[in-house]
Amino acid sequence: VFPECYCNYVAPAKMTDGQNVVMKISFPDDEFFREVAYLKSHQGGPVATLLKVDESIPALLLERIDPANSLVAVDDKESIPIAAALLTELFKVQTPISGFKTTDDLFQEFLDLKKRFAAEELLPAEVIEKAEQAYRTLQLSKKEQIFLHGDLHQFNILFDHVRGWVAIDPSGIIGEKAYEVAALVKNPPMIANLPNLREILIERIGNFALLLNLDPKRIYLCTLFSTVLSVLWAYEDGTKIDDDFMRDLMKIASMLTSIDAETLLI
């Protein structure tokens, strides 16, 4: 079993012909079917190859990435161009998008969680409110909506000695391209402990905007909203406020709030 996996059961396996594969057993929920849809629609591109699906379990059989070193071990100078090149390939796929979860659905989850945890000392009110306003601003001028990976952070980009850098574990969601970048800007959460956190966030936003020809302001707004939503999700799942992961996420959310989006120019 892969020790870093905590939501699904994921284990190495071997086919009768000797091929090394990965077996993934998931929760029987909508995200499993969105993952399958994303992997199928992007086969042939830089995603893990889907070999077999059993919806009754539900389970996936996937190619084994080898040596599976993650992008988290690569510094920003090299990792940002790698991630941007991978995104460029993923964005080329045109997929019918009706019937899938959208970032608007995530915004409704945000509003529901905000209401449920209104009395909790989770984040300062101005951080919550700025995150809400960030998404409302995005809604006022919607961009092209495409089928996104939905969770493309550095731990979900692995190196294969044959195929190069490959994306794994999509959640599958409909949204604009800038939203896909958000996970790469805010991760890994331990960057919160670096003294130059503000500069890291600003440079990541600017570099991704330049390499992907995206509006840095929209990347910023997506990242702020996504980070605060992650804090609310973590709290809903029972993560304590004094947990390192939670503390780091809250630091990043607060730092993002302090950035003036209008100053983010390519």
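Is Arg247 exposed, partly exposed or buried, and what is its relative accessible area? Arg247 comes out partly exposed, at 37% relative accessible area. Keep in mind that this is a predicted model. Here's a quick look at its salt bridges, 14 of them by count.

**Within one helix**
- Arg247 and Asp244 pair up through their side chains, with 2.4 Å from N to O.
- Both residues sit in helix 8 (residues 244-257), and since they are three residues apart, about one helical turn separates them.

**Strand to loop**
- Lys24 makes a salt bridge with Asp169, at 2.9 Å from N to O.
- Lys24 belongs to strand 2 (residues 20-25), while Asp169 is in the loop between strand 8 (164-167) and strand 9 (173-175), so this contact ties together parts that are 145 residues apart in sequence.

**Helix to helix**
- Arg116 and Glu236 also form a salt bridge, their closest N and O atoms being 3.0 Å apart.
- This pair links distant parts of the chain, with Arg116 in helix 3 (residues 103-116) and Glu236 in helix 7 (residues 216-236), 120 residues apart.
- Arg116 counts as exposed because its relative accessibility of 53% is over the 50% cut-off.
- Glu236 counts as partly exposed, at 36% relative accessibility.

Note on methods:
Residues are numbered from 1 along each chain as its sequence is written. This is a predicted model: local features need pLDDT of at least 70, side-chain atom pairs count only at pLDDT 80 or more; totals for chains, interfaces and linings use all residues. Side-chain values use heavy atoms; hydrogens and water are left out. A salt bridge is a side-chain nitrogen of Lys or Arg within 4 Å of a carboxyl oxygen of Asp or Glu. Helices (H or I, at least four residues) and strands (E, at least two) are DSSP runs, numbered from the N terminus. Buried means under 20% relative accessible area, exposed over 50%, partly exposed in between (1.4 Å probe, protein chains only).
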